[in-house]
Amino acid sequence: EAQVRAARAEGVAGEPPAALPAIVSDVHAIIDRGLDQLRSTTADALLQPRRVGRAGLPSTTLGLLFHAAEHSTRHVGQAITTARVLTEDTRVG
């Protein structure tokens, strides 16, 4: 339920919109939480069965970590694009 609320909140612009330093701070906090989760995941837990989403699709902890890594790549791109828009830096590369 908390994840659903957080996902919905991501699509709502703040009033006023968040400033770049606040966005960068949030991104750093999220990355730190992810790294903490990785550090606390034991090798024994990697093949434990997990259910994903509302449909409860079958996976494992390792499968979820792999998916999270792929998914986070897209979000890093979004964060970079947002930073460029907020700084009006539209140069490529």
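View 1. I31 is partly exposed, as its relative accessible area is 43%. The structure shown is a predicted model. I31 belongs to helix α2. Together with L35 and L38, I31 makes up a nonpolar patch on the surface. The accessible area of these three residues together is about 250 Å².

**View 2. The salt bridge between R39 and D36.** The side chains of R39 and D36 form a salt bridge, with an N to O distance of 3.0 Å. Both residues are in helix α2, which covers residues 20-40. R39 and D36 are three residues apart there, so about one helical turn separates them. An α-helix has 3.6 residues a turn, and therefore residues three or four places apart point the same way. R39 is exposed, at a relative accessible area of 61%. D36 has 45% relative accessibility and counts as partly exposed, because the exposed class requires a value over 50%.

**View 3. The salt bridge between E1 and R5.** A search of the whole structure gives two salt bridges. One of them joins E1 to R5. The closest N and O atoms of this pair are 3.1 Å apart. E1 has a relative accessibility of 76%, so E1 counts as exposed.

View 4. Helix α3 runs over residues 61-87 and contains 27 residues. At 1.5 Å a residue, helix α3 should span 39 Å. Just after α3 comes E88, which takes a positive phi of about 55°.

**View 5. The largest pocket and its lining.** How many residues line the largest pocket? Its lining is made up of 41 residues. Those that lie nearest the centre of the pocket are E10, I30, R33, H71 and H75. The elements giving two or more residues to this lining are the helices α1 (2-10), α2 and α3, and the strand β1 (49-52). Which element gives the most to the lining of the largest pocket? Helix α3 does, with 14 residues. The volume of the largest pocket is about 2500 Å³. Empty space of this kind is found by rolling a probe the size of a water molecule over the atoms.

Methods. Residues are numbered from 1 along each chain as its sequence is written. This is a predicted model: local features need pLDDT of at least 70, side-chain atom pairs count only at pLDDT 80 or more; totals for chains, interfaces and linings use all residues. Side-chain values use heavy atoms; hydrogens and water are left out. A salt bridge is a side-chain nitrogen of Lys or Arg within 4 Å of a carboxyl oxygen of Asp or Glu. Buried means under 20% relative accessible area, exposed over 50%, partly exposed in between (1.4 Å probe, protein chains only). Helices (H or I, at least four residues) and strands (E, at least two) are DSSP runs, numbered from the N terminus. Patches are made of residues with over 30% relative accessible area and no salt bridge: like charges are joined within 9 Å, nonpolar side chains (Val, Leu, Ile, Met, Phe, Trp, Tyr) within 5 Å. Accessible areas come from the Shrake-Rupley method with a 1.4 Å probe; for residues, only the protein chains shown count as cover. The expected span of a helix is 1.5 Å times one less than its number of residues. On a 1 Å grid over the protein atoms alone, a cavity is a set of points where a 1.4 Å probe fits but cannot get out, and a pocket is an open set with protein on both sides within 12 Å along at least five of seven lines; lining residues have an atom within 4 Å of a point. Grid points are joined across faces, edges and corners, and a volume is the space filled by probe spheres set on the points.
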